[in-house]
Amino acid sequence: MKKRKTLAFLLTAALTVTMLTGCGAMPSTGGKKDRDTDTSADNTDTTSSDDKKSKDGKVTLRVVDWSDGSAGQREEFHKKFMEQHPDINIEYTMLTVDQFKNTIVTMIKSGEGPDLFPIPVGLTLNTAVAEDWYQPMNDYVTEDFAKQFDPLSFEEGVTHIGDDWYTITEVMPTIQCLFFYNKDVLAAAGVDKVPATYSEFREACRKVTEQGKGSTYGLADGGKQTNRMDVLARSLAAAAGGKIAATTKVLTDNGTAPFDTSQMKQAMELIKGLTDDGSIHPDTINISAPEARELFAHGQAAFLCQGMWCISQWDVDYPDLNYGVMAVPVPDGISDTYVQAGGLSPWIGIYKQSEHPQEAAEYLMALYSEEYGYQSGCVSDGTFVSVIPSINEKYMTNEIMKDYYTIAEDTSKTVPTLVKRDLKANDLYAEIKDVQPGLGAIVQGIISKSITDYNSALKTLADASTAEWKRACEAVGMDFSELEFPNWDPKKDYTNKDYEALK
């Protein structure tokens, strides 16, 4: 009893922090929220499992994650699941990405992990399994369940270790850095062309800001979140032709961490130019990604750099919003460049110490089935691209989602993955310590004007990161040269043949 009450306390405390510090979304009108934020306490039942079992004799499944982009669909799913499984109660908690990482570690250390939970961003499956976070689900799910998935949604070190299946990825990878634009705001400022280059983008932002006279700005974003600022910088640098891995991953360019390359400097110069022009919404540095999404929907910004999850939110909360989606702008004179394609990520798995693994598996099979409507609802609403191909074919009807998906496919390329070259990379990622200030923090510093010399800041980050990566490689017995992929052309997808050529 005491352990269950401690778990309830941890979850309640985490949600209380969210509500008091303003990290979560603005008040909802009943729609879905973004995966960058949290949900309200209304979605959390903190009654201890022991207490509930003594009242109604049901099994209580505890589920914790950050999948707030699908909060509405998840709520409907839970209602239907419990109707179909009257012997199971669902105790569901949603946190922010940052809160989840801290909270789940505390839970597991105390032996009170929830029955189902995802891997925190930046942690590898190998590390999680080595620390007894998860148990294989092979014995609890059916063969038919496994067969319905896109084969590309399975990957060694992401969903599987050998023959053991530990996690299911939430969605098929899609880039999270396209730019939404408010058509009405642009029209009011006399911008009649969707910008494609850095200079066109900066000029459009300037015109909007001047016309807005303190009420509307060129760009808004979740500047409070370093992860969103990191994504912004990496995508702009990649669009400029730079070689850089996705967030939380490491690759070198000419033997060094690629943070002070000419392409990264170009990206930072654009951000500084927007800041100098006064074109970035003044609240940006203090708000989360969902709050920036709200500003955009209210016409306070012409542009927003975020992911597909925004679409379903706006469809519910702002059905009359007149907006479109465009590719990441590129430097003038540059063409045929691409941003990093989304990488497959581990997501939810069954806790090693779960007392109800079969019920947890039943939950997962229902969550990914067409019958229960969660996957189909998320796809039709534009929340994500499902890992179930048949559902995408049948339910992808949202026109903005189609545009986003098409542009993402056309303007992104697969970059090398270190783990595919050497499985020791799993140990490397567990060993590497974050270097501060990181890339996202440098962007925050530029926008807040606390960093005026971004060239020095980037050089310091590159040097310190290179040294740390070398140290970590030595610690795990990995050759530092393997972080370099000399046959990588960022204008092309990196393929299995390219990996083979390096052997």
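**Largest cavity.** A cavity here is a set of points on a 1 Å grid over the protein atoms alone where a 1.4 Å probe fits but cannot get out, and lining residues have an atom within 4 Å of a point. I get about 60 Å³ for the largest cavity, where a volume is the space filled by probe spheres set on the points, with grid points joined across faces, edges and corners. By class, I note 7 nonpolar, 2 polar and 1 charged residues in this lining. My classes: Ala, Val, Leu, Ile, Met, Phe, Trp, Tyr, Cys and Pro are nonpolar, Asp, Glu, Lys and Arg are charged, and the others, Gly among them, are polar.

**Ground rules.** This is a predicted model, so I note that local features need pLDDT of at least 70 and side-chain atom pairs count only at pLDDT 80 or more, while totals for chains, interfaces and linings use all residues. Residues are numbered from 1 along each chain as its sequence is written, and side-chain values use heavy atoms, with hydrogens and water left out.

**Confidence.** Mean pLDDT (the predictor's confidence in each residue, from 0 to 100) is 87, and 89% of residues reach 70 or more. Residues 1-52 stay under 50, and I find 134 contacts beyond four places in sequence for them; contact means heavy atoms within 4.5 Å. Where pLDDT is low, the coordinates should not be read in detail.

**Second cavity.** Helices H9 (226-239) and H10 (262-276) are the elements that give two or more residues to it, and H10 gives the most, with 3. I count helices (H or I, at least four residues) and strands (E, at least two) as DSSP runs, numbered from the N terminus. By class, that lining has 8 nonpolar residues, no polar and no charged ones.

**Between H9 and H10.** Aspartate 260 is in the loop between these two helices. I checked its contacts beyond four places in sequence and found Lys265, Leu458, Lys459 and Ala462.

**H11.** How many residues of helix H11 are buried? I find 9 of the 9 (residues 289-297), so the helix is largely enclosed by the rest of the structure. Buried means under 20% relative accessible area, exposed over 50%, partly exposed in between (1.4 Å probe, protein chains only). The H11 residues pack against H9, helix H12 (309-317) and several strands, including E8 (178-182) and E10 (301-306). Just after H11, I see glycine 299 with a positive phi of about 75°.

**Salt bridges.** My search of the whole structure gives 17, each a side-chain nitrogen of Lys or Arg within 4 Å of a carboxyl oxygen of Asp or Glu. Arginine 234 pairs with aspartate 230 at 2.5 Å between the closest N and O atoms; both lie in H9, 4 residues apart, and both are buried. Arginine 206 meets glutamate 203 at 2.3 Å; arginine 206 is partly exposed at 26%, as is glutamate 203 at 31%. Lysine 503 and glutamate 500 are bridged at 3.2 Å, N to O, with lysine 503 exposed at 76%. I also logged one network, in which shared partners join Glu431, Lys433, Glu468 and Arg471.

Technical notes: 1 Å grid on protein atoms, 1.4 Å probe; cavity = no way out; pocket = protein on both sides within 12 Å on 5 of 7 lines; lining within 4 Å.
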